[in-house]
Amino acid sequence: MFTFYNRHNNQLYNKLVQLSRNIFFYKDLALKDNFETRIILIFLHLSIILIIFKRSKKSKFPQKIFDNIFLNIEYHLREIGYGDVAVNKKMKILNKIFYDILLKIHSEKSDTFKVNKKLIEKHLFEDIKNRDKFIVKITKYLETFYDFCFVLDDDIMIKGKIDFKF
């Protein structure tokens, strides 16, 4: 059934999970520490990496690694206890969220990377009061993450050797 899954391609996924578990998100920004929030944070980081690959034009992002990331998410849904039908429905929703983030996180009109604050509010801060302060903080984090990763070699990012500290 999952014949193309390769657990040896998990370095980037593991790094994305590690980045999504940064205490900054849960202590400083007061985000809910749950599966959905972590997936959104993974999607934000992955979207930035994909934008960097597109802009650098040195190499393409490997499809196998992209597929493997989503396969890992599917496996985690199954571990949580979702059944086959529920996993398919949830993956469809998560795919829509991912592509919404990927397409709207940054305006292509600008040469510098600026995070779309409305998108961040939509996916992370709908239920939080005084969200403007938190949106400014996460925007700064994501723009700093972009600047950090932009100077990295493509192979380093693919291998998940992103030693980003904020």
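View 1. Contact here means heavy atoms within 4.5 Å, and buried means under 20% relative accessible area, with a 1.4 Å probe and protein chains only. Helices are DSSP runs (H or I, at least four residues), numbered from the N terminus. This is a predicted model, in which local features need pLDDT of at least 70 and side-chain atom pairs count only at pLDDT 80 or more, while totals for chains, interfaces and linings use all residues. Residues are numbered from 1 along each chain as its sequence is written, and side-chain values use heavy atoms, leaving out hydrogens and water. Within helix 7, the buried residues include Phe-134, Ile-138, Leu-142 and Cys-149.

**View 2. Phe-43 meets Phe-98.** The structure holds 20 aromatic pairs. Rings of Phe, Tyr and Trp (its six-membered ring) pair if their centres lie within 6.5 Å; planes under 30 degrees apart count as stacked, over 60 as edge-to-face and the rest as tilted. Phe-43 and Phe-98 are edge-to-face because their ring centres are 5.2 Å apart and their planes stand at 65°. Phe-43 belongs to helix 3 and Phe-98 to helix 5 (residues 84–104), so this pair ties together parts that are 55 residues apart in sequence. Phe-43 is buried, at 0% relative accessibility, and Phe-98 is buried at 0% too.

**View 3. Phe-113 stacks with Tyr-146.** With ring centres 4.3 Å apart and planes at 10°, Phe-113 and Tyr-146 form a stacked pair. Phe-113 lies in the loop between helix 5 and helix 6, and Tyr-146 in helix 7, so the pair ties together parts 33 residues apart in sequence. Phe-113 is buried, with a relative accessible area of 5%, and Tyr-146 also counts as buried at 5%.

**View 4. A cluster of rings.** Ring pairs link Phe-24, Phe-25, Tyr-26, Tyr-141, Phe-145, Phe-148, Phe-164 and Phe-166.

**View 5. The largest pocket.** A pocket is an open set of points on a 1 Å grid over the protein atoms alone, where a 1.4 Å probe fits, with protein on both sides within 12 Å along at least five of seven lines; lining residues have an atom within 4 Å of a point. Of the 17 lining residues, Glu-36, Thr-37, His-123, Leu-124 and Asp-127 lie nearest the centre of the largest pocket. Helix 5 gives the largest share of this lining, 4 residues.

Technical notes
Buried < 20%, exposed > 50% of the residue type's maximum accessible area, 1.4 Å probe, protein only. Helix = DSSP H or I, 4+ residues; strand = E, 2+ residues; numbered from the N terminus.
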